[in-house]
Amino acid sequence: CNLWGEFLEPFGSPSSSGEKALLSTSGEKPTNVLAELDDKTDCATAFSKASTDNSAYTKCLEQYSFKSHGSEVLGKSHQTIGFFRGVTAMMAYLTRPTKSFSAHIEAVKKELQWPQSSVLALNVHEGTSFAEYMKQAERITSQYGISNIYLASADDSLIAETKKYPKFKFIVEKKTAQSTPCDKHKEELTRLFLLSGSDALVGDFSFADDRVAYGMMYQRTRTHQPYISLNGAWCSDHGVKSRIHVNNGVESFGYC
């Protein structure tokens with residue numbers, strides 16, 4: 001199953017003018033986007049053999065760390081717009097759906113009776129109760145007048161919990177058969193696009209799917225949508241302690 005080809009547009013092919021504009025939000029139109037993506041290091045090889053025991057791998061992780069090097073790790077067209085906007089612009093480019101997958105997403109939304117009014121995405125992770133997530137969800141829904149909640153799960157126990165909150169209209173996923181690894185990838189990508197297609201998010205930024213979903217949501221709306229992360233701040237550095245933790249008023253850094 002080839003994610004970039006079957007579900008997402010390949011990112012090694014020449015960019016259209018619209019895609020070039022997506023990659024550059026600085027106001028300057030790059031003359032050759034793919035030139036910005038050329039990597040003259042050996043990091044592509046190192047990343048293909050990911051291991052913390054591999055010194056080349058850990059060196060490359062540090063080399064691409066924004067916390068360590070600031071805007072220098074960004075392409076020239078992104079250095080003036082900052083880390084979050086620069087990284088999420090790349091996320092949006094790398095997650096461009098194919099026409100067939102776009103049609104699939106629209107079909108799923110139609111089946112779920114996705115509302116025209118605002119939707120809060122709720123991504124519940126193990127280790128924290130559904131009630132705690134809903135406590136934070138109610139903060140956003142009351143502030144912004146949202147009554148629709150997309151529950152990013154087909155778990156029966158979580159679906160049962162929604163019955164305790166009758167004032168909300170919960171959008172619940174349909175269970176689908178997963179006969180191949182490709183089916184699982186498709187389900188996970190579908191969930192990611194539904195999360196990012198919502199108007200607010202309650203989740204946990206210590207999980208990559210919530211970080212990517214919020215980045216895609218930002219690029220879709222070009223504004224910071226309401227969100228609450230139950231654990232930690234948004235980050236992008238991989239394998240580098242760059243995520244801010246606050247414990248009893250003391251800041252420290254942990255892994256993304």
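This is a dialogue about how to read several features of a predicted model.

Biologist: Which residues form a disulfide, and how far apart are their sulfur atoms?

Modeller: In general, a disulfide is a covalent bond between the sulfur atoms of two cysteines. A search of the whole structure finds one disulfide here, and it is formed by C43 and C60, whose sulfur atoms are 2.1 Å apart. Since C43 lies in helix α4 (residues 43-47) and C60 in helix α5 (residues 55-63), the pair ties together parts that are 17 residues apart in sequence.

Biologist: Is this disulfide left-handed or right-handed, and is C43 buried or exposed?

Modeller: The torsion about the S-S bond of C43 and C60 is about -90°, so the disulfide is left-handed. C43 is buried, with a relative accessible area of 1%, and C60 also counts as buried, at 6% relative accessibility.

Biologist: Turning to pockets, what is the volume of the second largest pocket, and which residues are the closest to its centre?

Modeller: The general idea is that rolling a probe the size of a water molecule over the atoms shows where empty space is left. In this structure the second largest pocket has a volume of about 360 Å³, and of the 15 residues that line this pocket, P97, F193, S196, M216 and R220 are the closest to its centre.

Biologist: Which helices supply the lining of the second largest pocket, and how does that lining divide by class?

Modeller: At least two lining residues come from each of α8 (99-111), α11 (181-196) and α12 (208-221), and the largest share, four residues, comes from α8. By class, the lining of the second largest pocket consists of six nonpolar, five polar and four charged residues.

Biologist: When I read backbone torsions, what should I make of the phi of Q113?

Modeller: The background is that most residues other than glycine have a negative phi. Q113 is not a glycine, yet its phi is positive, at about 55°; this residue is found in the loop between α8 and β1 (119-122), and it is exposed, with a relative accessible area of 58%. R222, likewise not a glycine, has a positive phi of about 55°, and its place is the loop between α12 and β5 (227-229). At 45% relative accessibility, R222 counts as partly exposed.

Biologist: Where does L74 lie, and which residues is L74 in contact with, leaving aside its neighbours within four places in sequence?

Modeller: L74 is in the loop between α6 (66-69) and α7 (83-94), and at 7% relative accessibility it counts as buried, a label that is used because the value is under 20%. Leaving aside neighbours within four places in sequence, L74 is in contact with F66, Q79, G82, F83, V87 and M90. One of these, V87, is 13 residues from L74 in sequence, and their C-alpha atoms are 8.0 Å apart.

Biologist: Which residues does Y255 touch, not counting residues up to four places away in sequence?

Modeller: Y255, which lies in strand β7 (residues 250-255), touches G239, V240, K241 and R243 when those sequence neighbours are not counted. Its relative accessibility of 48% makes Y255 partly exposed. From Y255 to H238 the separation is 17 residues in sequence and 7.2 Å in space, C-alpha to C-alpha.

How values were computed
Residues numbered from 1 in each chain as written. Predicted model: local features only at pLDDT ≥ 70, side-chain atom pairs only at ≥ 80, totals over all residues. Heavy atoms only, no water. Disulfide = S-S within 2.5 Å. Buried < 20%, exposed > 50% of the residue type's maximum accessible area, 1.4 Å probe, protein only. 1 Å grid on protein atoms, 1.4 Å probe; cavity = no way out; pocket = protein on both sides within 12 Å on 5 of 7 lines; lining within 4 Å. Points joined across faces, edges and corners; volume = space filled by probe spheres on them. Nonpolar A, V, L, I, M, F, W, Y, C, P; charged D, E, K, R; others polar. Contact = heavy atoms within 4.5 Å.
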